[in-house]
Amino acid sequence: MMKSDLFVLLCFCLTLSITFCTEDNDTFVPTREWQKIKEGQKVPPGLHYRINLETGEKEAKILEETDESENQKSSLTIVEDEVAKENASDSPTLEDALKNIPGDSFQYTPEQIKDIKSKFRTYEDIKHELKDELNMDVKTDAEIVTGFIKKYEGLKKGTVNPEVIKILEELEYLVHQIDNANNFVDQNGIEKIIIPNIVNQTNSIIRTKALMLLGAVIHNNPRAQISAFERNVGEHLTRLLASSKLGDELSAAIYATGSLIRKFPLAQKESLTKRGISVLLDIWTKHVDLKVKIKVLTLIADLVRESHDVALQQNEPSEKDEEKFRQYQRVHIEKLLDEYEFCPRFEQLMASSKADLTKCTDSMEKVIHSMQLTKDMCFDTWSQSPDLRHVILVLKNRVTWLSSMERDPENFEFLIELESGFHRLQHEIYIQEDSESDMSRKEEL
């Protein structure tokens, strides 16, 4: 009996001892295995932490090199500093850290300022050091642009000089950055380099390079657009579009024209009312690749969309929106297109390009996009055109056949969208005629 009482007492003491140790141990002791961080435990920094997504509990272990490659499908690793700052007892508080920050009255002495400056080098010092020690001439983009302009001015222009082509290509690459483009404009690059090569250059390759440079300078750059507009670049482009018969040159000129007049209604009014629309549409009759003709179509459709977008903004207009709307009204792009017979000329383009269109799904996509934007203004003409209806049907059937042969999921989805686009056009343009035909058949029956 006495032994039994002693055994019970011993067990009770051990239980109290174990319970006491567990509750008193408020510091997490890490091992190489994941362990649960209990509520209120202080966790030392320098461990690997995670939240177990199955239990929702925080866990930690000693950080090892192989931890990065460990499969952690059931855990979400936490940034180490976050847990350490939350749990570590020896981390300084925000108040303690702020005490060490100098106040507003803190100032460096002249000797300290001189000492700090002596430890750092200026940009010019680094340039000279690299040039002297490593034979490296470090230049900023602005310096490079300036250098190319000066180099161009020193070249002989009377003959075809390969250096001119190289400079134009290098500048085109640089001016895609708007700061470089503005620097080019500020140094009169449009007058010195672009205009002479567009207007007076006899070599088509150099003319084309100059046109590509112009497009890159003014693309989505209002400041450069204004500068080019003030220098009558639009008129120079119109003349070149009218006279050129070369596909690459025309393509570059269309790109430059679009860069000049997109989102710039004043330039649209000046460029498009001076026979600009007629010149653009005349490209459809020239013996050039279909992709060049499609660029004209895309540009015209973009101008129509711009006009529509501005008109839609009039629902809740600001003063700025009202002025923009007035500017686009002065252009009246749809009236211009009607005056120069855009709708029937588009029919002719589609009929003459049917065979080439069936070979290029990219061109088909652009045709669908452009027709969707202009179908309202052309509905009366297009809905009465059996030739255009036939071309749409041929292209739709071609896309259907291509989709049936396609095995790539992304290409298949693209072709299905094309097919749907042609189906919508067919339905929207010819639905009235189809309805009248159905009514006639019912009456006959």
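The model is predicted: local features need pLDDT of at least 70, side-chain atom pairs count only at pLDDT 80 or more, and totals for chains, interfaces and linings use all residues. Residues are numbered from 1 along each chain as its sequence is written, and side-chain values use heavy atoms, with hydrogens and water left out.

Of the 445 residues, 37% count as buried, that is, under 20% relative accessible area with a 1.4 Å probe, protein chains only. Take contacts (heavy atoms within 4.5 Å). Among those between residues at least 6 apart in sequence, 65% join residues at least 24 apart.

Start with helix α8, residues 178-186. Its buried residues are Asn180, Ala181, Asn182, Asn183, Phe184 and Val185. They pack against α6 (141-153), α7 (162-174), α9 (189-199), α10 (204-218) and α11 (222-230). After α8 comes Asn188, with a positive phi near 60 degrees.

Move on to the cavity. On a 1 Å grid over the protein atoms alone, a cavity is a set of points where a 1.4 Å probe fits but cannot get out, and lining residues have an atom within 4 Å of a point. Points are joined across faces, edges and corners, and volume is the space filled by probe spheres set on them. The count is 1 cavity of 30 Å³ or more. The largest cavity holds about 70 Å³. Two or more lining residues come from each of α12 (233-243), α13 (247-261), α14 (265-273) and α15 (276-282). The largest share, 4 residues, comes from α12. Lining residues include Leu237, Thr257, Ser271 and Val279.

Finish with the aromatics. Rings of Phe, Tyr and Trp (its six-membered ring) pair if their centres lie within 6.5 Å; planes under 30 degrees apart are stacked, over 60 edge-to-face, the rest tilted. The whole structure has 5 such pairs. Phe346 and Trp382 have ring centres 5.0 Å apart and planes at 40 degrees, so this pair is tilted. The pair links distant parts of the chain, 36 residues apart: Phe346 in α19 (342-352) and Trp382 in α21 (361-382). Phe346 and Trp382 are buried. Together with Trp284 and Phe342, they form one aromatic cluster.

Key. On a 1 Å grid over the protein atoms alone, a cavity is a set of points where a 1.4 Å probe fits but cannot get out, and a pocket is an open set with protein on both sides within 12 Å along at least five of seven lines; lining residues have an atom within 4 Å of a point. Buried means under 20% relative accessible area, exposed over 50%, partly exposed in between (1.4 Å probe, protein chains only).
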